[in-house]
Structure formats: structure tokens, C-alpha cells
Amino acid sequence: MSLLKPSTLEEVVVKFLSEGEKSTATLLTKIRESGRDITKQGFYKALRKLKGEEIILVYRKIVSLDTVWIKKMGDLFEEITKAHALRRDSFDIVGLDDRESMTYLFSNAKNLDTFWGYIQSILIHKIEPCEPIFSYDPHYWFYIARKEREQELLKEMVEHKRQFLMTVGGTTPLDKVVRQDFNNDYLQYNYKKMFDAPNYYITLLSDYIIEVTLDISVSTEIENIYQNEKVITAEIINSLDKLLLSKGRNKIKISRNRKRAVLLRKKFQKDFYKLREK
């Protein structure tokens with residue numbers, strides 16, 4: 001969610017509510033006055049979506065940000081701030097020189113995933129459009145736990161005509177159910193165990209490499225779910241959602257390494273049927 005440069009209606013709503021609670025009528029008027037052409041139906045649909053995600057509260061036609069959500073956002077930025085303080089250098093991922101890296105620690109997978117998406121978004125807009133994005137997950141469980149958010153990321157890939165080529169290390173029913181949404185040349189999905197560690201994830205964007213190591217106890221729980229469940233249910237989604245918030249040691253490393261990126265690209269690309277030509 002971008003609050004500095006809101007683009008979706010939901011982001012615009014949150015931006016205005018950051019000023020304080022408002023009546024639904026006032027909020028709708030302010031959004032329209034900002035130049036956004038929206039219908040009442042679209043407005044209330046956005047409110048329902050934000051309420052369902054526990055971002056806002058609506059009571060007697062008064063809308064406000066959920067204090068629990070505000071605290072979560074505060075915790076996230078506090079962790080990022082601590083990471084910066086520990087590094088004592090500027091946050092310039094794009095400006096990394098060859099063989100330089102940055103490492104950040106997070107106390108739960110949800111905050112790490114939010115930061116991961118932010119970093120990926122920065123790099124996507126900096127690398128050449130013809131460069132495919134390769135990703136490996138032992139299981140793409142974030143797609144089940146945070147489906148709406150992940151779908152938005154995939155939608156952005158397609159809209160910008162970028163290839164997102166996902167490899168997962170498992171072949172369980174839960175691994176396979178995700179594949180139905182990877183149904184065109186831009187979104188491709190492959191099954192292959194490429195790394196032994198059950199908690200290791202990697203994304204390759206040109207010569208930038210994002211490596212994630214999740215807490216091993218969380219990864220063990222994820223593996224148990226994937227090995228024992230066959231269909232996605234509300235209970236499974238709830239269990240994965242809880243694992244997102246489980247306390248543990250989670251690490252993300254962003255590096256730039258041209259030589260290693262070339263080797264990784266060769267390893268990834270041979271399993272995909274169609275790559276865009278440069």
C-alpha cells in the first residue's frame with residue numbers, strides 16, 4: 001500500500017483517514033474534490049474491502065483507521081528504522097555496486113514480506129522491461145495467506161508486460177492449486193526443488209538478488225500444512241495468517257552480483273517454455 005503516492009481508491013481512503021476520522025459523507029466529498037471520479041457504489045466497496053482487511057473501522061457512518069493496524073504499521077517502520085540504524089548507511093538498493101549487499105532482520109514473516117514487496121517494486125521499475133523476474137519458493141504459501149495482495153503484484157507484472165517466472169519446490173495439492181492463476185506468457189509456474197533448505201527463498205531481478213531465510217520453526221509448520229492438507233479452506237488460510245505473525249528470526253538479503261546472477265539465470269530459465277526476446 002502506497003500512502004505517499006496513492007493510486008488505488010483504497011489507498012486514497014487511507015491517505016485521507018491519516019488526517020483523522022471522518023463521516024462517510026465527508027470522506028466521499030473530499031475524495032471527489034481531490035479529482036477522483038468515483039461512484040457511491042465504488043466508494044462503499046472500497047470501505048468494505050478495507051474493513052475486511054482490518055485496516056479501517058466503520059461505526060454509525062464514522063470511518064477511522066483501525067488502531068491495531070496503525071500499531072502494526074508502526075512496528076514495521078520501527079523495524080526498518082532499526083535496520084537502517086544498524087547499517088548506518090543510506091538506503092540505496094539500486095545504487096549497490098557489484099558484489100555489495102544489504103541485510104535486514106525482521107521479527108515476523110508478515111513485516112518481512114511487506115518489505116520484500118517494497119524492495120521488489122523498486123527494482124522492477126529500475127531494471128529493463130525485457131528482463132524476466134525469476135523467483136523460487138519452497139511453497140508459494142504467501143499466495144494463499146495473502147492472496148489479494150499477491151494477485152495485485154501479479155496484475156502489476158502483466159500490466160507492465162513483465163514476465164514473472166515462479167518455481168516452487170513442492171508438488172502437493174496446495175502447490176498445484178496456485179498454478180491456475182499462472183495462465184499466460186507473462187506468468188509461468190514450474191515445479192522443481194532447486195534448493196535443499198526448506199526456509200530459503202530467492203528472487204532474481206537482472207543482477208539484483210533478493211534472498212530470504214524464514215524462521216525454521218515457521219517453515220516447519222508450513223511444511224506440515226502442505227504435506228497434510230489437500231484443499232484450501234478458511235481454516236488453512238487462518239493458520240497461515242497466524243504463521244505470518246509468529247515471532248522468530250527472519251532475514252532478507254539484497255545483493256548485486258553480476259556473475260552469480262548469470263549462473264542463477266541459466267539455472268532458472270531452462271525450465272520455462274517461453275521467454276521474451278530482448
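**View 1. Strands β8 and β9 side by side.** Residues 200-205 (β8) and 208-213 (β9) run antiparallel to each other, joined over six bridges. Strands here are DSSP E runs of at least two residues, helices are H or I runs of at least four, and both are numbered from the N terminus; two strands count as paired if DSSP finds at least two bridges between them. Look for T203, which sits opposite I210 in β9. This is a predicted model, where local features need pLDDT of at least 70 and side-chain atom pairs pLDDT 80 or more, while totals for chains, interfaces and linings use all residues. Numbering starts from 1 along each chain as its sequence is written, and side-chain values use heavy atoms, leaving out hydrogens and water.

View 2. Seven strands make up an open, mixed sheet, in the order β4-β10-β9-β8-β5-β6-β7. β4 (100-106) and β7 are at the edges with a single partner strand each, so one side of each has no neighbour in the sheet.

View 3. Y189 belongs to strand β7, residues 187-191. Is this tyrosine buried or exposed? Y189 is buried, at 5% relative accessible area (buried is under 20%, exposed over 50%, partly exposed in between, with a 1.4 Å probe and protein chains only). Beyond neighbours within four places in sequence, its contacts (heavy atoms within 4.5 Å) are Y140, M166, V168, D175, V178, R179, F182 and F272. With D175, the backbone oxygen lies 2.7 Å from a polar side-chain atom of Y189.

Definitions and conventions
A polar contact is a pair of N or O atoms within 3.5 Å; within protein, one must be able to donate a hydrogen and the other to accept it, and residues adjacent in sequence count only if both atoms are side-chain atoms.
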